[in-house]
Amino acid sequence: MSDSPTRHLALQGASNFRDLGGYPTTDGRTTRWRHIFRSNHLGQLTADDIEIVRALGVRSAFDFRGLEERAAGVCVVNEITVHSLPIEPTVVAALRAELARGTLTAPVALELMRESYRNYVRHNTHSFRALFGHLLEDRAPLVIHCTAGKDRTGFASALILHALGVSDDVIAEDYLLTNRHYRRDASSAFDLPADVLDAIGSVETSYLAAAFEAVGKEYGDVETYLRDGLKLGAAERTALKERYLQA
């Protein structure tokens, strides 16, 4: 019987709040429990949720939402210092443009999702670089989030796990947990076809693969991206592992 902490915390106002602890690394260590959390936004937490988050000791949040998204759902935990690392959402606007042209289908939506992931690398590497700068400075426990906690947060979490030495298969498993835990916000039910909403309301391996495909084209491989794109040299990688791994 495992005595590991619960990975998914079933909050009423945040359906995708998860712990990145307990994952094995290639050097035989394990990511620390209760240090790094990933979540959807923290603007709808209930009073009970707030007490749970307080008990976890979370003091910092790294928020990938754009300006309007942030204003619509301000973090309700007063003790948490929010660091904005904005990546403006583009998918819904692109979907609406396709809808206006009469060319919107589920396959088109899937490709727009993949393209948004490629653009994380092409146009938003600075935000992920800033995240790692904070991870090397801020004391855990901390939480990384966007609106749904699945795309921008999903790629950020994959990068963190890569930097810590977690295998690709385990990274993919963590990424896909969103499909088990995320509850789509009813207020985000846009006037789009149901199959399109399904494409943008879930994750699939081809999305994350598209981001790493862009990493390969822009930087050659993930290790070079970590070093040159995210400025994680040998000393920074060592410091990151000392902070977020256990024997």
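This is a predicted model: local features need pLDDT of at least 70, side-chain atom pairs count only at pLDDT 80 or more; totals for chains, interfaces and linings use all residues.
## Surface and charge

Charged side chains come next. The protein carries 28 positive and 33 negative ones, and the centres of these two sets lie 2 Å apart.

## Overall build

The protein contains 12 helices and seven strands. Along its principal axes, the C-alpha trace spans about 55 × 45 × 35 Å. The radius of gyration is 18 Å, which agrees with a compact globule, because a globule of 247 residues would have a value near 18 Å.

Turning inward, buried residues account for 52% of the 247 in the protein. Among contacts between residues at least 6 apart in sequence, 72% join residues at least 24 apart.

## The nonpolar cores

In soluble globular proteins, nonpolar side chains tend to be buried together. Here the largest nonpolar core holds 57 residues, and Tyr117, Phe128 and Phe155 touch the most other members. Helix α6, spanning residues 152-164, gives the most to this core, with eight residues.

Leaving aside residues up to four places away in sequence, Phe128 touches Phe64, Ile87, Tyr120, Arg152, Phe155, Ala156, Leu159, Tyr225 and Leu230. A second, separate core has 16 residues, among them Leu9, Leu42, Leu45 and Cys75.

Terms used
Residues are numbered from 1 along each chain as its sequence is written. Side-chain values use heavy atoms; hydrogens and water are left out. Helices (H or I, at least four residues) and strands (E, at least two) are DSSP runs, numbered from the N terminus. The radius of gyration is taken over C-alpha atoms; the globule rule is 2.2 Å times the number of residues to the power 0.38. Buried means under 20% relative accessible area, exposed over 50%, partly exposed in between (1.4 Å probe, protein chains only). Contact means heavy atoms within 4.5 Å. Lys and Arg count as positive and Asp and Glu as negative; His and the chain ends are not counted. The place of a charge is taken as NZ of Lys, CZ of Arg, CG of Asp or CD of Glu. A nonpolar core is a set of buried Ala, Val, Leu, Ile, Met, Phe, Trp, Tyr and Cys residues joined through side-chain atoms within 4.5 Å.
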